[in-house]
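Colleague: Please take me through the following model, one feature at a time.

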Amino acid sequence: MVRILLAEDVHMVRGALVALLELEHDLQVVASVDRGDLIVPSALETRPDVAVIDIDLPGTDGLTAAADLHQKVPECRTLMLTSLGRPGTLRRAMAARVSGFLLKDSPPSRLAQAVRSVAAGRRVIDPELALTAWEAPDNPLSPRETQVLRLAARGADAAEIADQLYLTQGTVRNYLTAIVDKLKARNRIDAIRIAEEAGWIP
């Protein structure tokens, strides 16, 4: 029996996924949560074999939670679900050591099979997404620039970003100018759009 932890913030979708997985004779959902920051505590308590995690979660985003889960409960493998097939997101998922990556509009039978494959130690990647990621350009931003842009995308101004990252406001403005240049964007808002569409920032 494969023990599953499910993380999905939309109540109806979570209920449907639990029902779908429970129909399979060899799969058992032992926990379901609606926030990313509940994944690790729940996994420590229930010890699942596979965590099926939506990439966009409140509290902690799915990829950050997956990376944390890999450290704290290394025997639990992760299968990420997303409604947006962004190539940069797939690359970040690989960096977070996830075992699988599936689009939410995949057929139900594919989800059950993906859970079994991941539990057996295999990698599962949606073929369409893998092809897109293969052809996509690399993220031109440095880790620090990515951090700055992620905070800007959440509405932080230069002073707030400087406070959070222990930088001067002038340094933050320099980073933002470099980001706009590197992404060939018209302005900061355009840079955020480009990076989000590519999956370079969550």
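Modeller: Helices (H or I, at least four residues) and strands (E, at least two) are DSSP runs, numbered from the N terminus. The model is predicted, with local features requiring pLDDT of at least 70 and side-chain atom pairs pLDDT 80 or more, while totals for chains, interfaces and linings use all residues. Residues are numbered from 1 along each chain as its sequence is written, and side-chain values use heavy atoms, without hydrogens and water.

Colleague: Which residue just after H5 takes a positive phi?

Modeller: Helix H5 comprises residues 108-119. Just after H5, a positive phi of about 95 degrees is taken by Gly121.

Colleague: How far apart are the end C-alpha atoms of helix H5?

Modeller: The expected span of a helix is 1.5 Å times one less than its number of residues. The twelve residues of H5 should therefore span 16 Å. In agreement with this, the end C-alpha atoms of H5 are separated by 17 Å.

Colleague: Is Asp54 buried or exposed?

Modeller: Asp54 lies in strand E3, residues 50-54, and an unreviewed UniProt entry annotates Asp54 as "modified residue: 4-aspartylphosphate". Leaving aside neighbours within four places in sequence, Asp54 is in contact (heavy atoms within 4.5 Å) with Ala7, Glu8, Asp9, Gly62, Met80, Leu81 and Lys104. Buried means under 20% relative accessible area, exposed over 50%, and partly exposed in between, with a 1.4 Å probe and protein chains only. The relative accessibility of Asp54 is 4%, so Asp54 counts as buried.

Colleague: In which loop is Arg47 placed?

Modeller: Most residues other than glycine have a negative phi. Arg47 is not a glycine, yet has a positive phi of about 50 degrees. With a relative accessible area of 40%, Arg47 is partly exposed. The place of Arg47 is in the loop between H2 and E3.

Colleague: What is the relative accessibility of Tyr166?

Modeller: Tyr166, also not a glycine, has a positive phi of about 55 degrees. Tyr166 is found in the loop between helix H8 (158-165) and helix H9 (169-182). Tyr166 counts as exposed because its relative accessibility is 76%.

Definitions and conventions. UniProt positions are given in the numbering used here, feature names are shortened, and annotations may be inferred rather than shown by experiment.
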